[in-house]
Amino acid sequence: MSIRHALLALLSEGPKYGLQLREEFEARTGEVWPLNVGQVYTTLQRLERDGLVESDGAGDDGPQKGFHITADGEAELAGWLRTPPDLASPPRDELVMKVLVAVRVPGIDVHEVIQSHRRYLVELMQQWTRIKEAEADSDLSLALVVDSELFRLDAVVRWLDAAGGRLKRAAADPPQPAPPALPLPRVRRRTITRR
Amino acid sequence: MTVLELRGVSKTYGQGAAKVHALAGVDLSVDAGSMVAVMGPSGSGKSTLLTIAGSLEEPDGGEVLIDGHPLSGMSRNAKARLRRRTVGYVFQDFNLLPGLTVAENVALPLELDGMSARPARTAALGVLNELGLEGRAARFPDELSGGERQRVAIARAVIGDRRLLLADEPSGALDSVNAEAVMRMIHNACKRGVAAVVVTHDAQLASWADRVVFLRDGRAVDQTSPPAGPESLLTPGQIQ
């Protein structure tokens with residue numbers, strides 16, 4: 001989560017004080033991303049240094065110091081909103097690794113491993129659904145955050161289901177060693193640098 | 001109070017090499033006011049469990065009790081009465097009768113049980129009103145969206161004094177917004193004291209339940225613990 005861009009988004013609505021920015025940030029993110037006031041001021045100082053925001057008065061660094069967004073800040077925000085996050089990295093997910101390893105370890109039932117992770121994920125989903133049931137009707141930001149968590153966890157459960165099915169089929173009908181075939185084209189792995 | 005109890009329920013289909021153990025010694029208990037979801041892949045025995053729980057099918061072994069009464073000791077008439085009065089069913093394809101209005105569809109179980117048309121209609125309008133469907137009472141099923149049809153099917157399943165709601169993939173054909181509305185309705189029915197069993201392969205639907213039972217190859221292999229309170233997810237610092 002980019003606090004820097006979230007603060008620019010809040011300032012795009014009009015000038016605000018530091019303390020006000022912190023309160024609005026938490027409210028807009030369904031209060032699931034707590035933010036301390038120190039983070040807010042440090043980020044504001046950097047934004048001011050980069051010319052993306054300007055403060056109203058010099059000297060007063062207290063909670064009443066006001067900030068407004070600059071034209072460069074608006075351009076930076078618009079660019080960030082349209083830039084997709086890096087989702088193209090090869091998976092090095094810990095859960096995926098555990099299942100891959102469990103297949104090879106003698107004495108380990110991979111289906112039991114899969115089930116223990118599935119149960120944990122569904123329990124987490126139950127907790128998020130309780131939050132949705134209790135509060136999300138009256139809080140649109142919270143509803144969006146909870147939906148996002150539920151879909152993310154659901155995707156992992158679906159992968160576990162698919163993995164379980166694939167392993168069951170493979171056990172019933174073990175794959176034959178591949179016959180010598182035409183050489184496959186070499187695929188160059190993309191190297192992605194995380195920012 | 002326990003509304004539904006399955007004790008060591010088994011069911012086998014086919015013979016010889018084609019024999020399939022759809023259920024193998026399943027225990028399950030569902031209290032009034034609670035929702036249990038049964039999750040499992042295709043062929044795990046989910047639908048068989050539901051049809052046996054609703055006395056639509058006989059188990060080969062074990063016992064099913066509804067409100068403490070074993071189904072095996074009941075006459076056919078007594079079972080039919082139980083299905084009419086105590087158990088409500090919701091299916092993926094809604095099963096509404098196209099020639100009847102929404103109110104007539106919802107009133108149908110009461111009329112089949114011998115209630116005259118007027119009080120049955122009054123009861124139907126009451127349930128529709130309670131579930132926010134009063135504006136649809138005079139419509140026919142083909143005038144409704146998929147989500148509305150399934151909500152009408154739930155109204156029909158809980159009308160009267162039904163204490164047990166059995167739902168088979170109740171939102172399988174719906175988009176996520178309508179699926180959530182359907183699960184909220186079942187959840188609200190449980191708050192009024194109904195015991196519900198929802199079978200599904202969908203974890204988002206299952207997460208509405210108080211308890212999730214996992215079925216694999218006809219066996220209940222695992223279940224969730226009672227959910228921790230929401231505060232455990234909202235503790236500062238836990239969410240990055």
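Author: Happy to, starting with the word "contact": two residues are in contact if their C-beta atoms, placed from the backbone, lie within 7 Å. Helices (H or I, at least four residues) and strands (E, at least two) are DSSP runs, numbered from the N terminus. This is a predicted model, in which local features need pLDDT of at least 70, side-chain atom pairs count only at pLDDT 80 or more, and totals for chains, interfaces and linings use all residues. Residues are numbered from 1 along each chain as its sequence is written, while chains are lettered from A and ligands numbered from 1 in the order in which they are written.

Let's go to chain B. Gly146(B), Gly147(B), Gln150(B), Arg151(B), Ile154(B) and Val158(B) on H5(B) are in contact with a set on H6(B) made up of Asn178(B), Ala181(B), Val182(B), Met185(B), Ile186(B) and Ala189(B). By type, the residues of this contact between H5(B) and H6(B) are 7 nonpolar, 4 polar and 1 charged. Here Ala, Val, Leu, Ile, Met, Phe, Trp, Tyr, Cys and Pro count as nonpolar, Asp, Glu, Lys and Arg as charged, and the others, Gly among them, as polar.

Now the geometry. Helix H5 (residues 146-158) of chain B packs on H6(B) at an angle of about 15°, and the two axes are 9 Å apart. That angle is why H5(B) is called roughly parallel to H6(B). Axes are lines fitted to C-alpha atoms, for helices over the stretch in contact, and angles run from 0 to 180 degrees between N-to-C directions. Angles under 35 degrees count as roughly parallel, over 145 as roughly antiparallel, 65 to 115 as roughly perpendicular and the rest as oblique. The crossing of H5(B) past H6(B) is right-handed. A crossing is right-handed if the near helix is turned clockwise from the far one by less than a right angle, and left-handed if anticlockwise.

One more residue of H6(B) deserves a stop. Asn188(B) sits in helix H6 (residues 176-191) of chain B. It counts as partly exposed because 16 C-beta neighbours lie inside 10 Å. A residue is buried if 20 or more other C-beta atoms, placed from the backbone, lie within 10 Å of its own, exposed if 12 or fewer, and partly exposed in between. Between Asn188(B) and Gly33(B), the C-alpha to C-alpha distance is 9.3 Å, although 155 residues separate them in sequence.

On the H3(B) side, the residues include Val106(B), Ala107(B) and Leu110(B), and their partners on H4(B) include Ala120(B), Ala124(B) and Leu128(B). This contact of H3(B) with H4(B) holds 12 nonpolar residues, no polar ones and 2 charged.

Most residues other than glycine have a negative phi. Ser55(B), however, has a positive phi near 60°, and this serine belongs to the loop between helix H1 (46-53) and strand E4 (61-66) of chain B. With 19 other C-beta atoms within 10 Å, Ser55(B) is partly exposed. Asp217(B) has a positive phi near 50°, in the loop that joins strand E9 (211-216) to strand E10 (219-223) of chain B. Asp217(B) is partly exposed, with 17 other C-beta atoms within 10 Å.

Finally, a helix pair in chain A. Helix H1 (residues 3-11) of chain A and helix H2 (residues 18-28) of chain A have axes that come within 10 Å and cross at roughly 105°, which means that H1(A) is roughly perpendicular to H2(A). Ala6(A), Leu7(A) and Leu10(A) of H1(A) make the contact with Leu21(A), Glu24(A) and Phe25(A) of H2(A). Those residues divide into 5 nonpolar, no polar and 1 charged. In H1(A), the buried residues are Ala6(A), Leu7(A), Leu8(A) and Leu11(A), and they pack against elements of chain A that include H2, H3 and strand E3 (66-69).
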